[in-house]
Amino acid sequence: MRDLTQDTITDYIAASFASSQSPRHVELMTGLVKCLHGFIREVDLSHSEWAKLLAFFYRVGDKTTETRDEFMLLSDVMGITSLVDLLASTKNPEVTPASPLGPFYLENAPVIQQGGTLCRAGEPGIPLVFKGTVTNEHGVKIENALLDIWHNADSGLYSNEDETQDDMNNRGRIYTDEQGRFTLNTIRPKPYSVPMDGPVGDLLNAFERSPWRSAHLHVVVSAQGYESVITELFFSDCEYIDIDAVGGVRPSLTHEPSYINTERGETLSIDHHFRLRPLSQEPASL
């Protein structure tokens, strides 16, 4: 009979995952086991503390719905999402850096034409013209690249947390033209607090952490034959630019305010160059 101790239990459990046919699966699971066991030893975790952690994760699961991803929010405020993004950016510095998807993404936003508008007619807020180019890492322009764009309203709320907005307000998808260009109209997004009405909010309050996110546009860029990029664009004059709650701000994703005159009056203008990497020929790890 095996005599397990606190010194041997980690290797015993890690070895139980070694039978997988995927070396990467083995690496992931054994690494996770060793990391978790190391944390428990380091802090000398008690039964009651572990029970409280499990109860917290139960609450995160209960709060998660089709339109509210509390697990994603937890990943964001713990800096896990940003760390994964930063690791990927280090490996591919020529590609547009990633930034968190966030908990408010909705699929199947309407497709809009060049020069179209994301927001509903008469939407309050500072007018914004968002334009740019999509290329590969060598600057070759990509036609028919798809940009999925969303942001909050002037109230600071996203459409799926505000009953006064249409479901797809401030959301849309647009294809690049033959020059890899796109142009659309919307409003400047506002800084906002991450949702505080759930267990993640309770966590931030308990540690007196700021819940505020710097104002940003969410963008997912994809094209046939290329790896998609999930990212955000920021404004340098936002008061929360240096204390973003999820650590999502990147210098190359931050724009100095620039204004032009349009039929909507003084209008903020952003022109961003997105770079995509060709799909790897290596099989996915999971």
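This is a predicted model: local features need pLDDT of at least 70, side-chain atom pairs count only at pLDDT 80 or more; totals for chains, interfaces and linings use all residues.
How many cavities of 30 Å³ or more does the structure hold? There is one.

The lining of the largest cavity is formed by Leu73, Asp76, Gly102, Pro103, Phe104, Tyr192, Val194, Pro195, Arg213 and Val246. By class, this lining comprises seven nonpolar residues, one polar residue and two charged residues. Leu73, one of the lining residues, also belongs to α4 and takes part in the contact of that helix with α6.

# Overall architecture

The protein chain contains six helices and 12 strands. Its C-alpha trace extends over about 80 × 45 × 30 Å along the principal axes. The chain has 286 residues, of which 42% count as buried.

Contacts between residues at least 6 apart in sequence were also examined in the protein chain. Of these contacts, 71% join residues at least 24 apart.

# Helix α6 and its cover

Helix α6 spans residues 199-206, and its buried residues are Pro199, Val200, Gly201 and Leu204.

Two of the buried residues, Val200 and Leu204, can be read against the helical repeat. An α-helix has 3.6 residues a turn, so residues three or four places apart point the same way. After α6 comes Glu208, which has a positive phi, near 55°.

# Packing of α4 against α6

Two packed helices are described by the angle between their axes and the distance between the axes. For α4 and α6, the axes come within 9 Å and cross at roughly 25°. The two helices are therefore roughly parallel to each other, because angles under 35 degrees fall in that category.

On the α4 side, the contact is made by Glu70, Leu73, Leu74 and Val77, and on the α6 side by Pro199, Val200, Leu203 and Leu204. Seven of the residues in this contact are nonpolar, none is polar and one is charged. Glu70 of α4 is the charged member, as Glu belongs to the charged class.

# Packing of α3 against α6

The axes of α3 and α6 also come within 9 Å, and their crossing angle is roughly 135°. This angle makes α3 oblique to α6.

By class, the contact of α3 with α6 has five nonpolar residues, no polar residues and three charged residues.

# Packing of α3 against α4

From α3, the contact involves Phe56, Phe57, Val60, Gly61 and Lys63; from α4, it involves Glu70, Phe71 and Leu74. The contact of α3 with α4 divides into five nonpolar residues, one polar residue and two charged residues.

# Asparagines with positive phi

Asn108 is not a glycine, yet its phi is positive, about 60°. The residue is located in the loop between α5 (80-91) and β1 (116-117). Is Asn108 buried or exposed? With a relative accessibility of 60%, Asn108 counts as exposed, because the exposed class begins over 50%.

Asn170 likewise has a positive phi of about 60° without being a glycine. Its position is the loop between β3 (146-150) and β4 (171-175). Asn170 has a relative accessible area of 0% and is therefore buried.

# The segment before α1

Gln6 is located in the segment that precedes α1 (9-15). Its relative accessible area is 60%, so Gln6 is exposed. Gln6 and His37 are separated by 31 residues in sequence, while their C-alpha atoms are 9.5 Å apart in space.

How values were computed. Residues are numbered from 1 along each chain as its sequence is written. Side-chain values use heavy atoms; hydrogens and water are left out. Buried means under 20% relative accessible area, exposed over 50%, partly exposed in between (1.4 Å probe, protein chains only). Helices (H or I, at least four residues) and strands (E, at least two) are DSSP runs, numbered from the N terminus. Axes are lines fitted to C-alpha atoms, for helices over the stretch in contact, and angles run from 0 to 180 degrees between N-to-C directions. Angles under 35 degrees count as roughly parallel, over 145 as roughly antiparallel, 65 to 115 as roughly perpendicular and the rest as oblique. Contact means heavy atoms within 4.5 Å. On a 1 Å grid over the protein atoms alone, a cavity is a set of points where a 1.4 Å probe fits but cannot get out, and a pocket is an open set with protein on both sides within 12 Å along at least five of seven lines; lining residues have an atom within 4 Å of a point. Grid points are joined across faces, edges and corners, and a volume is the space filled by probe spheres set on the points.
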